[in-house]
Amino acid sequence: MDQYQCKKNKANAAGFFSPAGFTVIKGSVISDHVAPSFEIGSKFYYRIRNELIATGVIKDRVFQKDYEFASSTAAGAVVVGATISGRNAWAKITNEEYSK
C-alpha cells in the first residue's frame, strides 16, 4: 500500500488511499493555525477539523487514531487548515524516504 505525506503549514501527516476515501494515520500532526479564509471559504472542512478536535480524535494537534475522510482533499484541508486540493496536499512517500 502506497503512503503519502503532507508537510505544509507546519503539519506533518501521513496517510493512504482507502476504500471510502483517504485515511490519515494515527500520530499525524495538523497545522498549528488555520488560514484566515478557511472558516469562510471552506466552512465544511473547517467544521470537520473543529469536530475532530472537540471529540478528541485530534488532541494537541495530533491524530489519536487513524481517521478516514471522504477524500484526499478533505484530509488535506483539515490537516493543513486551508483550502487545498488533495493532489497538492499529499506527496507519495518513496522507498528512500521509508528507509530513513
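This report walks through the sheet, the helix packing and the salt bridges of a predicted model.

**The sheet**

Let's start with the strands. Five of them form an open sheet with antiparallel pairing, in the order S6-S3-S2-S1-S7. Strand S6 (67-69) and strand S7 (91-92) are the edge strands, each with a single partner, so one side of each has no neighbour in the sheet. Further in, S2 (residues 13-18) and S3 (residues 21-24) run antiparallel and are joined by four bridges. Phenylalanine 16 sits opposite threonine 23 in S3.

**The helices**

Helix H3 (residues 72-80) packs with helix H2 (residues 43-54) at an angle of about 65°, and their axes are 9 Å apart. The crossing of H2 past H3 is right-handed. From H2, Tyr45, Ile48, Arg49 and Leu52 take part, meeting Thr73, Ala74, Ala77, Val78, Val79 and Val80 of H3. By type, the residues of this contact are eight nonpolar, one polar and one charged. H3 also lies across S1 (4-6), S2, S3 and S6, at about 35° to S3.

**Salt bridges**

| Aspartate 2 | Lysine 92 | 3.3 Å |

Aspartate 2 precedes S1 while lysine 92 belongs to strand S7, so their pair ties together parts 90 residues apart in sequence. Aspartate 2 is partly exposed at 41% relative accessibility, and lysine 92 is partly exposed at 47%. Lysine 10, by contrast, is exposed, with a relative accessible area of 63%, whereas aspartate 32 is partly exposed at 40%. Glutamate 51 and arginine 47 are four residues apart in helix H2, so about one helical turn separates them.

Conventions:
Residues numbered from 1 in each chain as written. Predicted model: local features only at pLDDT ≥ 70, side-chain atom pairs only at ≥ 80, totals over all residues. Heavy atoms only, no water. Axes fitted to C-alpha atoms, helices over the stretch in contact; angles between N-to-C directions. Helix = DSSP H or I, 4+ residues; strand = E, 2+ residues; numbered from the N terminus. Left-handed = near helix turned anticlockwise from the far one by under 90°. Contact = heavy atoms within 4.5 Å. Nonpolar A, V, L, I, M, F, W, Y, C, P; charged D, E, K, R; others polar. Pairing = 2+ DSSP bridges. Salt bridge = Lys/Arg side-chain N within 4 Å of Asp/Glu carboxyl O. Buried < 20%, exposed > 50% of the residue type's maximum accessible area, 1.4 Å probe, protein only.
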